[in-house]
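Please keep the sequence and the coordinates at hand while reading.

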Amino acid sequence: MGRSRWGILAVSLLVCAVSCGYRFAGDGANLDPRLRTVAVPVFENLTAEPGIEAIFTGALRQEFLMKSRLRVVPESQADAVFIGRIQRLSTTDVAHRKAQDTVLTRLTVTLDVRCIERESGTILWQDRALTYFEDYLQNPESAVAFQNRQDALKRAARETAARIFDRFMSRF
């Protein structure tokens, strides 16, 4: 018994020593080391929803501020620039109590986002149709319904920002 335990331990140590070194690719290890700064100018808003460009831009800036080695700087000082366009925002009723009584609404947003190297204009990363949806509760009280929609917009912005950040940092 003692010998087999030592054998298992030796094999386990050998496997650990020669393992592939798997790690999360979104840590930026594959980024060009010359990239040190990033700019996130205000996204273009092609929807009829006022102010969402600030929500989505702010969420992406926050991702870089909180999770990245890249410093967020003004566009004129950046190595890389994220250019975003909010192409579409729509809502769909997804749950009803009665035929005319909606209780749950799905908010869907589609973005066109790309990151370019500022000096050369080379596209470093892009997603021309990044789509995300978020559900929110309807309420007969209009102030509550409005707040629920705003909260859904903010959640959608945070989630899309996280996806953009992770995909860019992993070069996916």
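Helix H2, which runs over residues 52-67 and has 16 residues, reaches 23 Å from its first C-alpha to its last, close to the 22 Å expected at 1.5 Å a residue. Within H2, the buried residues are Ile 52, Phe 56, Thr 57, Ala 59, Leu 60, Glu 63 and Phe 64. Because they cover an arc of only 155° around the axis, they lie on the same side of H2. On the face turned away from that buried side, H2 carries the exposed residues Ala 54, Leu 65 and Met 66. The partners against which the buried residues of H2 pack are strands S1 (37-39), S2 (44-45), S3 (71-72), S4 (80-98) and S5 (101-117), together with helix H3 (142-170).

The model is a predicted one, and its confidence deserves a word before the side chains are discussed. The protein averages a pLDDT of 88, and 83% of the residues score at least 70. Over residues 14-26, however, the pLDDT is below 50, and this stretch has 7 contacts in the model beyond near neighbours in sequence. Where pLDDT is low, the predicted coordinates should not be read in detail.

The structure holds 5 aromatic pairs, and two of them are set out here.

| Pair | Centre to centre | Angle between planes | Class |
|---|---|---|---|
| Phe 64 and Phe 82 | 5.2 Å | 50° | tilted |
| Tyr 132 and Phe 133 | 6.4 Å | 25° | stacked |

Ser 90 is in strand S4 and, at 18% relative accessibility, counts as buried. Leaving aside its neighbours within four places in sequence, Ser 90 is in contact with Arg 106, Leu 107 and Thr 108. Arg 167 has its place in helix H3 and counts as partly exposed, at 25% relative accessibility. Although Arg 167 and Gln 126 are 41 residues apart in sequence, their C-alpha atoms are 9.2 Å apart in space.

Technical notes. Residues numbered from 1 in each chain as written. Predicted model: local features only at pLDDT ≥ 70, side-chain atom pairs only at ≥ 80, totals over all residues. Heavy atoms only, no water. Helix = DSSP H or I, 4+ residues; strand = E, 2+ residues; numbered from the N terminus. Expected span 1.5 Å × (residues − 1). Buried < 20%, exposed > 50% of the residue type's maximum accessible area, 1.4 Å probe, protein only. Arc of directions from axis to C-beta. Contact = heavy atoms within 4.5 Å. pLDDT = per-residue confidence, 0-100. Phe/Tyr/Trp six-rings, centres within 6.5 Å; stacked < 30°, edge-to-face > 60°.
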